[in-house]
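Visitor: I would like a quick tour of this structure. Shall we take it question by question?

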Amino acid sequence: MEEVWFLSQCVQGCLSDIQVLPLTSAEDLDCTPGFQQKLFHIDQPAQFIEDQAILNLTFNDCKGNNKLHYEVSSPYFKVNHDGSLVALKNISAVGKTLFVHARTPHAEDMAELVIVGGKDIQGSLQDIFKFARTSPVPRQKRSIVVSPILIPENQRQPFPRDVGKVVDSDRPEGSKFRLTGKGVDQEPKGIFRINENTGSVSVTRTLDRETIATYQLFVETTDVNGKTLEGPVPLEVIVIDQNDNRPIFREGPYIGHVMEGSPTGTTVMRMTAFDADDPATDNALLRYNIRQQTPDKPSPNMFYIDPEKGDIVTVVSPALLDRETLENPKYELIIEAQDMAGLDVGLTGTATATIMIDDKNDHPPKFTKKEFQATVEEGAVGVIVNLTVEDKDDPTTGAWRAVYTIINGNPGQSFEIHTNPQTNEGMLSVVKPLDYEISAFHTLLIKVENEDPLVPDVSYGPSSTATVHITVLDVNEGPVFYPDPMMVTRQENISVGSVLLTVNATDPDSLQHQTIRYSVYKDPAGWLNINPINGTVDTMAVLDRESPFVHNSVYAALFLAIDSGNPPATGTGTLLITLEDVNDNAPFIYPTVAEVCDDAKNLSVVILGASDKDLHPNTDPFKFEIHKQAVPDKVWKISKINNTHALVSLVQNLNKANYHLPIMVTDSGKPPMTNVTDLRIQVCSCKNSKVDCNAAGALHFSATLVLLASLFSLACL
C-alpha cells in the first residue's frame, strides 16, 4: 500500500503540500475502513450477565487502529480493546437496539445490534454520543464507504491533486460516482471533484482554513441515466490548519493604572491577542512577554506579564513605586505575543501598553511660611493677599488641590478664602467692608487641607496652618444718611414752601470731627429744596401725583451729604415721597367721532367710555349727560351701561349731515369734577353696502365699526 501520511509534527508548520489522507490505489481496495460487519441480531436473554461477552466487533481503519475509541449507546455496556461487547452489570431490559460507535483519527463507523424481543427506550443518537460534529446515523448496510478527508491549507501547485478515495464494493457495472455539496456544485464551486469511475476525490486549488474550515460533501452512485442508485453518503473534508496568521492585539489602546506604593504582585491590566489559526492547535497557542520598558528607571523590570494569561503585574517593592521620586510616572511596555506556545518558530505580534502610576495623597500641603501680612483700606472689598503652599502630589488630582479654612479671627464673617485653581494659592478676600474706627487690626488663623483624604499613615502637621495679620488703613468716609431711604407721605397739591422733613446724616469718621453740608443731587421734577446747614427739605413747586416723574404714586429724589475732609467725602441719601390723590383731574370721554346710517334700523350710535387720571374714589362711577340739544325735538338720548360706559342713540332717523352733540361727564370726587366734550356724529347714506359720508363731512368711518370697537373696549374692562 502506497501511503502519504500527514504526521502530527507537520501540523506545526511543515511543508504545505504533504497530504493528510491515504491515497488508496487500485491494489489496496481489499481494506475497507469501518466495521467489517455493521448489523447484528441477538435474542433478548433473560438477563445480560456482567463481564460476559455478548459478541465480538471488528473495526479496521486500515491504518493500524491507533487510538481506537468505542462508544455504546447504553451506559450499561462497553466494548473492550479486543472488540468484545460486555455488560457492566447484570441487566435485563436495554431496549430494542444498541449502537456502537468506533472512531480513530483516520476513520469512524457505526454498528447496529438488534435485540429481538427487546422493548423501545427513549433517547437520540445525538444525545447518546454527543458528537462534536455531524456523525453517521444508524443505517442499513451500504456498499459506499467514505472516510473523512484531511487536507492541509496553503498547498502549492500542482493542482488538481488526489486527496482521498470513495469505495463502493457492490457498485453495479456501468454506475458512476457523483459528488455534490458546498465546494462542488454550490459556492464556492469547483474546489473538489470526483473521478466518476474510480471514486478518487481531488482538490483543484489552495484551501484557507480561516475562510472555510470544513466542507460537508455528499457522495452517491448513479446509473448511466443519472438516477441515484445508492446515497447520498456524507463526506466531510477537514482543512488542516497551518501557522499562517500572526497574533493581533485588537482592543487597543491599552492603558492601565496602578496606585503608587502598591504591593508587589498587584495586577495592573490584562493584554490579550487574537490568532486566526485553529484554536485547537499550537498555531493559536499564545505566550506573552515584555520586550521593552520605557523608561527603565528605577528598575528595568518594573513589571511582569503572565505568559499564558497576559496579566501585567508589578514586581518591584512598594518603595520603588513612589510617584514623587519617579522621573516619569508613565511607563510604556512593548508587549509581544508569540504563537506556537512561544517557540522560536512561532509568529509574533506586538502592542504598546501604557501604565500610569496614579497618585495617592501621601503628602500634605504645607504653607511656604508661617505668617503672612496684608493691608486693606477701610470700606474696600476684594482679594488682599494670596497664601502660598507646597504639595508634592499630582497637580491634576484632589491629592494636590488645596482647600483653605479660616478657623479663628473671623467672627463677623468679614473674610473669605478661596483656592486659585491654577496656582493652588489661597486667595484671602474681604467680603464685608472693614471699619477702621471699630478695629484697625485683624488676625486670622488659616488651615489648609486637600480635597482627597490623606492616606492612613500620613497626617496634617503644624506646617498646614498659618497666621495672617491684617492692617486696616483709615480712609475719609462719606457721611451716611439714616434712615436710607427716607420716606414721607403728603397730599398732592400742597402749598409751595411746605416742609416735608429734615434729613439726618452722620460722619463715620468719628475721630476727625468734620462738619456736614447738604445739597440736592437728583430732583427730576424740580419740586424740592434742602437747607444746606440743617437738612430741612421743603417744596418749591406744586406736587402733582399725575406727573410723569411719579411712579405708582411715589416720587424719588436724591440728596448729598458732604463732609469737610480733604478731599471731602460724599454720601447719598434717597427720599421717597408717597403722594396722596386729590380730585384735580376732570374725566374725559372716548371716542369723540361716530357715524350712523340715515336709514339705520338700529338707532344705536356709539358706546362712550370715560376715564380719569385720578385714583378711586375720585374716578368712577361716572355720570353721562347730554349737555344741551341743538335740535328742538330732542332726537338724541344717552343711556348708562355701567360705571364707566354709556350708549348714545337716536330717537329717529336723521338726514345725512354732521351733528355736534355736547356730552357732559362727571366723576365721583368730592367735590366732583365735570368735563363737556363735543361728540361729532356723521349721518351717512348707506345703500348697496356702500357708505357715503361725503355730504356729511370729510370723515368716512363706519358707524357700525365704531360701535363694534366701542363694544370691544367695553368687554375688555
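Visitor: Is Asn 552 buried or exposed?
Guide: This is a predicted model, so every value here is computed from predicted coordinates. Exposed means over 50% relative accessible area. Asn 552 has 76%, so the residue counts as exposed.

Visitor: Where is Asn 552 found?
Guide: Its backbone deserves a look first. Phi of Asn 552 is near 55 degrees, a positive value in a residue other than glycine. Most residues other than glycine have a negative phi. Asn 552 is found in the loop between β41 and β42.

Visitor: What is the phi of Asn 493?
Guide: Asn 493 lies in the loop between β36 and β37 (499-502). The residue is partly exposed, at 34% relative accessibility. Its phi is positive although the residue is not glycine, with a value near 70 degrees.

Visitor: Which residues make the nonpolar surface patch of about 270 Å²?
Guide: Start from one member, Val 542, in the loop between β41 (536-539) and β42 (554-563). Patch residues need over 30% relative accessible area. Val 542 has 43%, so it is partly exposed. The patch is made by Val 496, Met 540 and Val 542.

Visitor: What is the omega of the peptide bond from Tyr 482 to Pro 483?
Guide: Pro 483 lies in the loop between β35 (480-481) and β36 (486-491). Most peptide bonds are trans. The bond from Tyr 482 to Pro 483 is cis, with omega near -5 degrees.

Visitor: Which residue does a cis peptide bond join to Pro 158?
Guide: Pro 158 sits in the loop between β11 (149-152) and β12 (161-165). Omega of the cis bond is about 10 degrees, and the residue joined to Pro 158 is Gln 157.

Visitor: Which residue is the bridge partner of Ile 42 in β9?
Guide: Strands of a sheet pair through backbone hydrogen bonds. Five bridges join β2 to β9 (residues 108-116), and the two strands run parallel. The partner of Ile 42 is Ile 115.

Visitor: Which side chain joins His 101 in a polar contact of 3.1 Å?
Guide: His 101 is in strand β8 (residues 97-103). At 0% relative accessible area, the residue is buried. The contact joins the side chain of His 101 to that of Glu 108.

Visitor: How far apart in sequence are the parts tied together by Arg 270 and Asp 311?
Guide: The two residues form a salt bridge, with the closest N and O atoms 2.5 Å apart. Arg 270 lies in β20 (residues 267-270) and Asp 311 in β23 (residues 311-314), so the pair ties together parts separated by 41 residues.

Visitor: Is Glu 336 buried or exposed?
Guide: Glu 336 forms a salt bridge with Arg 291, at 2.4 Å between the closest N and O atoms. Arg 291 lies in β21 (residues 287-294) and Glu 336 in β24 (residues 330-338). Arg 291 counts as exposed, at 53%. Buried means under 20%, and Glu 336 has 8%, so Glu 336 is buried.

Visitor: Which side chain meets Glu 451 in a salt bridge?
Guide: Glu 451 is partly exposed, at 46% relative accessible area. The N to O distance is 2.9 Å, and the partner is Arg 401.

Visitor: In β25, which residue is the bridge partner of Val 258?
Guide: Val 258 is on the covered face of strand β19 (residues 254-259), with Tyr 254 and Gly 256. Six bridges join β19 to β25 (residues 348-358), and these strands run parallel. The partner of Val 258 is Ile 357.

Terms used. Residues numbered from 1 in each chain as written. Predicted model: local features only at pLDDT ≥ 70, side-chain atom pairs only at ≥ 80, totals over all residues. Heavy atoms only, no water. Patch = residues over 30% accessible without salt bridge, like charges linked within 9 Å, V, L, I, M, F, W, Y side chains within 5 Å. Areas by Shrake-Rupley, 256 points an atom, 1.4 Å probe, with all protein chains shown as cover. Salt bridge = Lys/Arg side-chain N within 4 Å of Asp/Glu carboxyl O. Helix = DSSP H or I, 4+ residues; strand = E, 2+ residues; numbered from the N terminus. Buried < 20%, exposed > 50% of the residue type's maximum accessible area, 1.4 Å probe, protein only. Polar contact = N/O pair within 3.5 Å; in protein donor to acceptor, adjacent residues only side chain to side chain. Pairing = 2+ DSSP bridges.
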